[in-house]
Amino acid sequence: MNKNLSTSAYETIKQMILSGELKQGQAISINAMAETLSISRTPVTNACQRLEFEKFLTILPKQGVIINTISLETACGIYELRAAIESYNAKRIMDLLDDNDIQNLKNSIQKQLTHAETGDARAFMNEDTYFHRYILDKNTNYELVSVVNQLYERAYMLGIQNSLTPRIHGSIQEHRSIIDALEKRDRQGFADAIEKNILNGFRNLTARCLK
């Protein structure tokens with residue numbers, strides 16, 4: 001039972017961090033989180049230890065936890081790793097993507113447009129992540145996929161902290177370029193388009209943070 005409670009607490013607290021309900025730099029006690037989740041301290045402590053290992057928070061002895069703040073330097077590392085891994089992955093799996101996959105990716109772009117028109121940046125981020133994960137998940141290398149999934153989650157935190165609205169339409173156009181290269185079976189162009197999309201996201205983030 002404790003293991004199940006710990007897993008549930010981990011998933012709930014992690015979602016609170018990703019959604020911005022628990023903000024970067026915010027301090028909160030274990031007792032307060034346990035009370036919010038209506039469970040005892042032990043599963044919450046176990047969950048926080050796991051989240052600390054994943055770099056989402058830092059446990060402060062006898063004080064509680066503080067939600068980690070992602071610096072620009074850390075953000076640069078996240079985006080550069082994503083660009084390197086996903087462009088490498090694109091070359092490896094391009095031949096595994098068929099016409100049905102291309103249509104699914106086009107459908108994702110249509111959903112992105114809908115979210116852009118309604119100004120729903122969070123829904124757009126979810127669909128943007130789906131778009132990239134769809135391509136990534138064609139790779140059966142679990143370790144590679146696992147590493148990138150953690151990078152997605154931390155990149156999502158950056159998106160929550162900094163509104164993506166000025167970037168949305170540019171990103172959609174870059175997603176179209178990714179599909180164009182895929183339809184042409186241009187392996188290098190496919191990889192380059194994915195790398196450009198990811199690194200432009202970081203450049204946009206940097207420009208806004210340094211204003």
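Contact here means heavy atoms within 4.5 Å. The model is predicted: local features need pLDDT of at least 70, side-chain atom pairs count only at pLDDT 80 or more, and totals for chains, interfaces and linings use all residues. Residues are numbered from 1 along each chain as its sequence is written, and side-chain values use heavy atoms, with hydrogens and water left out.

Start at serine 171. Helix H8 (residues 168-183) holds this serine; helices are DSSP runs of H or I with at least four residues, strands are E runs of at least two, and both are numbered from the N terminus. Serine 171 is buried, at a relative accessible area of 5%; buried means under 20% (1.4 Å probe, protein chains only). Beyond neighbours within four places in sequence, serine 171 contacts Phe124, Asp128 and Asn197. Its side chain makes a polar contact of 3.4 Å with that of asparagine 197; such a contact is a pair of N or O atoms within 3.5 Å, one able to donate a hydrogen and the other to accept it.

Now the sheet. Three strands form an open sheet in the order S1-S3-S2, with antiparallel pairing. Strands pair if DSSP finds at least two bridges between them. S1 (27-28) and S2 (57-60) are the edge strands, each pairing on one side only. Four bridges join S2 to the antiparallel strand S3 (residues 64-67). Threonine 58 stands opposite isoleucine 66 in S3. Helix H3 (residues 41-53) packs on the sheet and touches S2 and S3.

Cysteine 48 touches Ile13, Ile30, Met33, Leu57, Ile59 and Val65, leaving out residues up to four places away in sequence.

Methods. Axes fitted to C-alpha atoms, helices over the stretch in contact; angles between N-to-C directions. Buried < 20%, exposed > 50% of the residue type's maximum accessible area, 1.4 Å probe, protein only.
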